[in-house]
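Hello,

Here is the structure I promised to pass on to you. Please have a look at it first, and then read my notes below.

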Amino acid sequence: MPVLKVENVFKSYTDTNKRLDVLKGIDLSIEPGEVLAISGPSGAGKSTLLHILGGLDAPDRGRVIMEGKDLYSLNDAGRAGIRNHDIGFVFQFYHLLPELNALDNVLLPVFIRKGFRRASPELIEAGVAALREVGLVSRIDHKPNQLSGGEQQRVAIARALINRPKVMLCDEPTGNLDSVTGEAVIDLLMALNERAGQAFVIVTHDERVAVRCGRVVRMKDGQIL
Ligand code: ADP
Ligand code: MG
C-alpha cells in the first residue's frame with residue numbers, strides 16, 4: 001500500500017476576477033521508503049501539490065489518501081493529528097523560532113502535540129538523538145541566529161524527524177543554500193532515508209538535486225508530464 005496517494009487532484013486560486021488553475025488533475029502514489037523528487041520550473045504548482053499532500057491545503061476536487069484514510073474527509077483535528085504525527089515538513093526558509101535554541105526548536109512538534117509541560121528526560125534525550133542524527137549535537141544551545149544556513153536547515157530536519165514520521169515532505173530544502181552546503185543537506189536526507197526508511201518527497205527546481213533521488217516526477221503548468 002502506498003504511504004500517500006493523490007487521486008485526480010485539482011486546485012485553482014481566484015484573485016479578484018481572474019482564475020488561475022494551478023493543479024489540473026494530478027495522480028501520484030508515494031511508496032513506503034522511496035525518495036521521490038518533484039521537479040519543474042517555478043510556478044508549475046509543486047509547492048501547492050506538496051501542501052495538499054501534507055494536509056495543509058484542501059484540493060478543490062480529488063482525494064489524498066494516507067494509509068487508507070482520506071485526509072480531507074477527516075475533521076480539522078483528525079487531519080492535524082496525522083499532519084503532526086505521521087508527516088514531517090522541511091521548508092526552504094527553515095521556519096525556526098528565533099527565541100528558542102536548537103533543542104527546543106526540535107522539540108516544538110512534541111510540545112504542540114502533548115502540551116507545553118516541562119520536558120521529561122526521555123523527551124530531551126529524543127531531541128538530542130534527533131540533533132545527533134543530523135550532526136548537530138554540539139549546537140544544542142545555539143539560537144538560530146548563531147547557526148549557519150546549513151545548520152539551521154539541519155535543525156529543521158531534526159524537528160521534522162522528532163515524531164518519527166512515515167513521510168518527509170521537503171519544499172526546496174536546498175533553495176536557500178550554496179551548492180556545497182545544499183549537497184551536504186541532500187547527503188543527509190539520503191542517509192536518513194537509508195537508516196530509517198521513511199519516504200521522502202523532495203520538491204526542487206534544481207536538476208542536480210532531482211537526479212540524486214530514486215524517482216523523478218516532472219511537473220509543468222499544473223500537470224505531471
Ligand atoms: P511552484 O512551487 O512550482 O513554484 P506554486 O505551487 O507555488 O508553484 O504556485 C503555482 C502557481 O499558483 C503560481 O502561479 C502561484 O503564483 C500561484 N499561487 C500559489 N499559491 C497561491 C495563492 N495562495 N493564491 C493565489 N495564487 C497562488
Ligand atoms: Mg514552490
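**The six-stranded sheet**

Six strands make up an open sheet with mixed pairing, in the order E6-E7-E8-E3-E9-E10. Its edges are strand E6 (87-90) and strand E10 (223-224), each of which pairs on one side only. For the terms: two strands pair if DSSP finds at least two bridges between them, and the helices (H or I, at least four residues) and strands (E, at least two) are DSSP runs numbered from the N terminus.

Before we go further, please keep in mind that this is a predicted model, where local features need pLDDT of at least 70, side-chain atom pairs count only at pLDDT 80 or more, and totals for chains, interfaces and linings use all residues. Residues are numbered from 1 along each chain as its sequence is written, chains are lettered from A and ligands numbered from 1 in the order in which they are written, and side-chain values use heavy atoms, with hydrogens and water left out.

Back to the sheet. E3 and E9 are parallel and share four bridges, with Ala 37 opposite Val 216 in E9. Strand E9 (residues 215-220) also pairs with E10, in the antiparallel sense and over two bridges. There, Lys 220 has Gln 223 of E10 as its bridge partner. Two residues separate E9 and E10 in a hairpin, and Asp 221 in the turn has a positive phi of about 45°.

**A salt bridge to look at**

Counting a salt bridge as a side-chain nitrogen of Lys or Arg within 4 Å of a carboxyl oxygen of Asp or Glu, the model has 14 salt bridges. One of them joins Glu 34 and Arg 215, with the closest N and O atoms 2.8 Å apart. Glu 34 sits in the loop between E2 and E3 and Arg 215 in strand E9, so this pair ties together parts that are 181 residues apart in sequence.

**The four-stranded sheet**

There is also an open sheet of four strands, E2-E1-E4-E5 in order, with antiparallel pairing. Strand E2 (18-30) and strand E5 (69-70) are at its edges with a single partner strand each, so one side of each has no neighbour in the sheet. Strand E1 (residues 4-15) and strand E4 (residues 61-66) run antiparallel and are joined by five bridges; Lys 5 is found opposite Ile 65 in E4.

**Two helix pairs**

Axes here are lines fitted to C-alpha atoms, for helices over the stretch in contact, and angles run from 0 to 180 degrees between N-to-C directions. Contact means heavy atoms within 4.5 Å.

Helix H3 (residues 102-114) and helix H4 (residues 121-133) have axes that come within 9 Å and cross at roughly 120°. H3 and H4 are therefore oblique to each other (under 35 degrees counts as roughly parallel, over 145 as roughly antiparallel, 65 to 115 as roughly perpendicular and the rest as oblique). Residues making this contact include Leu 103 and Phe 111 of H3 and Ile 124 and Leu 131 of H4.

For helix H5 (residues 149-161) and H6, the axes come within 10 Å and cross at roughly 20°. H5 and H6 are therefore roughly parallel to each other. Among the residues in their contact are Arg 154 and Ile 157 of H5 and Leu 188 and Leu 192 of H6.
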